[in-house]
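This briefing goes through selected sheets, hairpins and surface patches of the structure shown below. The points are grouped by topic for reading alongside the coordinates.

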Amino acid sequence: MRLGKFKDYSDFGNGIELRYEMGKANIYYISDEIVRFEIPWQMDDYISVAVEGDKFVPCEYECRESKDGVNISGKKMNIKVGEDFSVEITDKAGKVIVCDYKGNRMIPETISEKSMKQLTEEGHDASAFVRSEYKVQDLKRIDKEDLFYGLGDKTGYLNKREYYFENWNSDIPSAHTEALPALYKSIPFFICKKKTSVYGLFYDNTYHGYFDFGKENGDYFVYGADDGNLNYYFLYGEKMSDVIRNYTFLTGRTPLPQLWTLGYHQCRWGYESASDIREVAYGMRKYRIPCESVQYDIDYMDNFKVFTWDEEYYEKKGKLMEELSHEGFKPVVIIDPGTKKEAGYFMYDEGIKNGYFATDADGVVYVNKVWPGDATFPDFGRKEVRDWWADSHKNLTDMGVMAVWNDMNEPASFEGPLPDDVVFHIGDRKTDHREVHNVYAHFMDMATFNGMKKLTGKRPLVITRACYAGTQKYAAVWTGDNQSLWAHLQMLIPQLCSLGISGYALAGTDIGGFGANSNSELMCRWIEAAVFSPFFRNHSAKGTRAQEPWKFNDETTDIYRKYVELRYKFLPYIYDLFYRGQETGLPIMRPLVLHYEDDENTFNLNDEFLVGENILVSPVVTQGASKKMVYLPEGTWYDYWTGEKHTGKTYIIKDAPLGVCPIYIKEGSIIPMYDQVQYVGEKPYNKLTLLLTPGAGKYVHYQDNGEDYKFIDGEYNLYEFSKDEAGNISTEMLHEGYEGYEEIATENISH
Ligand code: GLC
């Protein structure tokens, strides 16, 4: 689709409308650093799902007509718009940051019919080889050195250069390999790191989307979508962290979680009765492995009917939860959107009576199969449907449920995908499955978050499998059905780092792997690598080898315990990162390139990560390995285990037999730590220990009740610890509104 020659433009206050021979386009100046570009191919006044509320920040820009368009000069950048809405963005010195690719796509010849037939005969997906122009399309020029980061949960590596991806939330039970174009989540945001600059683009369009980062051709990247508007935000930044700040300013930031949710969680699909759950819960306490929840997978429901409870296998409603709560276990249950089609079942009856389910084009309630057999799909884009779903959580909170895990919300369906024309809504606007698919989970998570917040008054933990850009405001994520494969252990680093820089600070993988059979070495290496995973849960599938650590051997149990204990020690550091992330949008697990942007050794570093800025983790993720090549960036680093000092900007080889995960702490660090407990709340955290590395430093520590929203009314403490070269610590209270610690102790790194 083309707009053709430029005619004229008008300024509407915080942006301009440009009129062309064959249509119009808009540019919105959101802030000095965020500009939105739109061609309303499908609809005027599109309301974003990801960006909520008015984000306009007063800013100044000047607009001048040129011979084929307009030139806009703003505080941080200049924008030149030409014929056919071609865009060029330069910095204030005139250097191009990004510009449209003016030529046509060079789509490789599609393969012959004969080859296609052969491929199909052997079971290859030949459609993957067919490429064509997209209905909505944007091409931007790229340079040889450009690197691409972000896009959420995509498989493969940190740097997406020369890879192709799609955004279409997909339930993939087979092994997740780097060849997969799409997984469960659609986050159409990425950062392009150029040789001497950086920028971000967020293509806010919920239809099936396509990204080709120079695979088709090394001169341009391609963004495509099946329908909707061309609607993208340019995000300026001097550093990658500025781009993330701007992106999360728009789409929202991960809210401060409850402290216990950052502890350890045990799960399995296949705890088929109350006694299975009990055995695991008491096992955690017996083997002294700290644990917050043994999560309830679909086995707990009566015939997989959501918001019900199976009293035959799971005993009287509420009994088990009540019993285990005395041992510190917090009940977390799974909920799926698919609502069983069964007259007499209250959710189905209420949904039918009120017209809450999606319908086919003729208005007949749409049915597909999921766990409960024939199931209907709530039309979550409508507020009244979300309110109904939110209130239905009372069935759970009345039993004592404290957190909800939303699954199968791509939405997954067992009898083929939902047809394109299934009718859904976004607000009052009627639309179809094509537009709603990628935001279905987003709306469901919103409902769950609001319901749990209202019913409990606490900060909700909603764990979701599918999501869109912006869902981070409502839900934590896990990466779905991975497998007990070394390749999946390796992938957790780029995958969680990519989710992190795409706004999802609270993310995790199924520790030990969900599908396939784990083994003792893999379990140990997984818990070592996952020790700083923001969401920290071991989960496995029915029929696979059991994954509770003591089901392997004593050595595995001991190593597992050592790392879960380490996690509990570092809880206040992790919590502080969440606190700070609310201002910066920066995640917990970070790729090294985020803080060492000029160091090319970090550009493609897929096997280590930073936790905040002070801790570097370089886990062993290779079968049989007992040494690890670790890259330490600029600065001085101290080995967490031995206290050994290393000067950075070099590779070192670290002895790392089973049970040793290489961890380094930066010079001048002050790391807050808590004493060991079996679960958060076992005893009050009234002692804080500061782990110190040599060198002067400063650190701000946040403390509150770890549960509710009283911090908004000032019920929290903010400590600023300063340390001089000699190691003397002084404390300044930046805010005092909560009962403080009884003791603040220090510990030096060199043991
Ligand atoms: C899906 C989920 C998995 C869950 C299972 C049964 O496969 O991804 O985590 O255990 O469904 O509910």
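**Sheets, hairpins and surface patches**

An open sheet is built from six strands in the order β34-β35-β36-β41-β38-β39, with antiparallel pairing. The model is predicted.

- Strand β38 (residues 636-639) and strand β41 (residues 663-666) run antiparallel and are joined by three bridges.
- Trp637 has Lys666 in β41 as its bridge partner.

**The parallel five-stranded sheet**

- A further open sheet has five strands, paired in parallel in the order β21-β25-β28-β30-β31.
- Because β21 (332-335) and β31 (507-508) stand at the edges with a single partner strand each, one side of each has no neighbour in the sheet.
- Four bridges link β21 and β25 in the parallel sense, and Val332 lies opposite Ala403 in β25.
- β25 is in turn joined by three bridges to strand β28 (residues 462-464), and the two run parallel; here Trp405 has Ile463 in β28 as its bridge partner.
- Strand β30 (residues 476-478) runs parallel to β31 and is joined to it by two bridges, with Trp478 opposite Gly508 in β31.

- Asp407 belongs to the loop between β25 and β26. Is Asp407 buried or exposed? Its relative accessibility is 8%, so Asp407 counts as buried, the cut-off for this class being under 20%.
- The C-alpha atoms of Asp407 and Val35 are separated by 35 Å, and these residues are 372 apart along the chain.
- Asp420 also lies in the loop between β25 (403-406) and β26 (423-426). Asp420 counts as partly exposed because its relative accessibility is 45%, which lies between the limits of 20% and 50%.

- Strand β8 (residues 87-91) is mostly covered, with four of its five residues buried.
- Strand β7 (residues 77-81) pairs with β8 in the antiparallel sense over five bridges, and Lys80 stands opposite Glu88 in β8.
- The hairpin formed by β7 and β8 has five residues between the strands, and Asp84 in the turn has a positive phi of about 55°.
- Strand β9 (residues 96-99) runs antiparallel to β8, and three bridges join them; Thr90 is opposite Val96 in β9.
- The hairpin of β8 and β9 has four residues between the strands, and Gly94 in the turn has a positive phi of about 95°.

**Surface patches**

- Which residues gather in the patch of negative charge on the surface? They are Asp226, Asp362, Asp420 and Asp421.
- Met629, Tyr651 and Ile653 make a nonpolar surface patch of about 340 Å².
- Ile653 is part of strand β40 (residues 650-655). With a relative accessibility of 64%, Ile653 counts as exposed, because that class begins over 50%.

Key:
Residues are numbered from 1 along each chain as its sequence is written. This is a predicted model: local features need pLDDT of at least 70, side-chain atom pairs count only at pLDDT 80 or more; totals for chains, interfaces and linings use all residues. Side-chain values use heavy atoms; hydrogens and water are left out. Two strands pair if DSSP finds at least two bridges between them. Patches are made of residues with over 30% relative accessible area and no salt bridge: like charges are joined within 9 Å, nonpolar side chains (Val, Leu, Ile, Met, Phe, Trp, Tyr) within 5 Å. Accessible areas come from the Shrake-Rupley method with a 1.4 Å probe; for residues, only the protein chains shown count as cover. A salt bridge is a side-chain nitrogen of Lys or Arg within 4 Å of a carboxyl oxygen of Asp or Glu. Lys and Arg count as positive and Asp and Glu as negative; His and the chain ends are not counted. The place of a charge is taken as NZ of Lys, CZ of Arg, CG of Asp or CD of Glu. Buried means under 20% relative accessible area, exposed over 50%, partly exposed in between (1.4 Å probe, protein chains only).
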